[in-house]
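Biologist: I would like to learn how to read aromatic pairs in a structure. Can we go through one case step by step?

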Amino acid sequence: NPYDHQLYDVVRGPLDFISSNRTNAAATLAGTVTAFNADGFNVGTNLGVNNSSSLFVAWQFIKAAGFFDIIDFTPTVSVESVPHLLGVDVGFILAKNTSNTQDWIVYSRGLGATKALQLNTTSAAITSVSYWNDTEPTTTEFTAGTQFNIGQSYAVYAFAHNPSKGIFCGTYAGTSTAGNKITTGFPVGWVLIKCSTTPSDWLLFDIKRGMTTGADPLLRPNLSSAEASGTNFIDSEVDGFTLQIAGGSSSNQSGESYTFMAIADPAQF
């Protein structure tokens, strides 16, 4: 589907993608992301990355200690300690089986190691020892539980919780009132939000498409739909972000809890 989200990384190499909205194994497709460069990347003629009648957005995260790590591993035992190079607290882990069909497995610092989310579904947080073996990640490793199938390959994207490097992962409570401010300590340029207490879509905002007063286009990583706009959802602030929508189970409903990852605006941080 040319409208699927496509995720590429330098560990697996160009042309090899997984989709945040699907359970599919990794696929290799000609004409997609064909090369990684020192200053960006190249795309081919595939409609999923280069349709002349479409607009595209791309986010690139540098693999660096204190910010982001890419891990490709194959479990050999039912519960396994997996090293990472963050060197600081882990904020989010996005893991996908690349050799077989399986839901995404997501760790959130705000929820802790007794729970997991699924990037491709609307499900609320799932409480189960099978995901992280109820073991919090350390600054050097995380624990993969029985949900990670022995002998199958996994792509893991580990994000730090490190406000000094412009990345903050946490939780907030919905208020059903516009003006619900979440403080991160830096000007925010990218935000991923998921309600953890009731089924709802994932929401993704960025400063390039708009996070200021007025309509804020949003994408849903669990869907292949085009961006939605026309509503003042969220405003970027010098020290965080403010939810300007009153209610709505996906971002600011009173009585609901939300987990999020916020990354600084590179132009201002």
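Modeller: This is a predicted model. A search of the whole structure finds 20 aromatic pairs.

Biologist: How is the pair of F68 and Y157 classed: stacked, edge-to-face or tilted?

Modeller: Planes under 30 degrees apart count as stacked and planes over 60 as edge-to-face, with the rest tilted. The planes of F68 and Y157 are at 35 degrees, so this pair is tilted; the ring centres are 6.2 Å apart.

Biologist: Which parts does the pair tie together?

Modeller: F68 belongs to strand β5 (residues 68-73) and Y157 to strand β12 (residues 154-160), so the pair links parts 89 residues apart in sequence.

Biologist: Are F68 and Y157 buried or exposed?

Modeller: Buried means under 20% relative accessible area. F68 has 5% relative accessibility, so F68 counts as buried. Y157 is also buried, with a relative accessible area of 5%.

Biologist: What kind of pair do F68 and F159 form?

Modeller: A tilted one, with 4.6 Å from centre to centre and 40 degrees between the planes. F159 lies in strand β12 and F68 in strand β5, so this pair ties together parts 91 residues apart in sequence. Both F68 and F159 are buried.

Biologist: Which residues make up the aromatic cluster that includes F68?

Modeller: The cluster is formed by W59, F61, F68, Y157, F159 and W190.

Biologist: What does the rest of the chain look like?

Modeller: The protein chain has two helices and 19 strands. Its radius of gyration is 18 Å, close to the 18 Å from the globule rule for 269 residues, so the chain is as compact as a globular protein of that length. Buried residues make up 51% of the 269.

Methods
Residues are numbered from 1 along each chain as its sequence is written. This is a predicted model: local features need pLDDT of at least 70, side-chain atom pairs count only at pLDDT 80 or more; totals for chains, interfaces and linings use all residues. Side-chain values use heavy atoms; hydrogens and water are left out. Helices (H or I, at least four residues) and strands (E, at least two) are DSSP runs, numbered from the N terminus. The radius of gyration is taken over C-alpha atoms; the globule rule is 2.2 Å times the number of residues to the power 0.38. Buried means under 20% relative accessible area, exposed over 50%, partly exposed in between (1.4 Å probe, protein chains only). Rings of Phe, Tyr and Trp (its six-membered ring) pair if their centres lie within 6.5 Å; planes under 30 degrees apart count as stacked, over 60 as edge-to-face and the rest as tilted.
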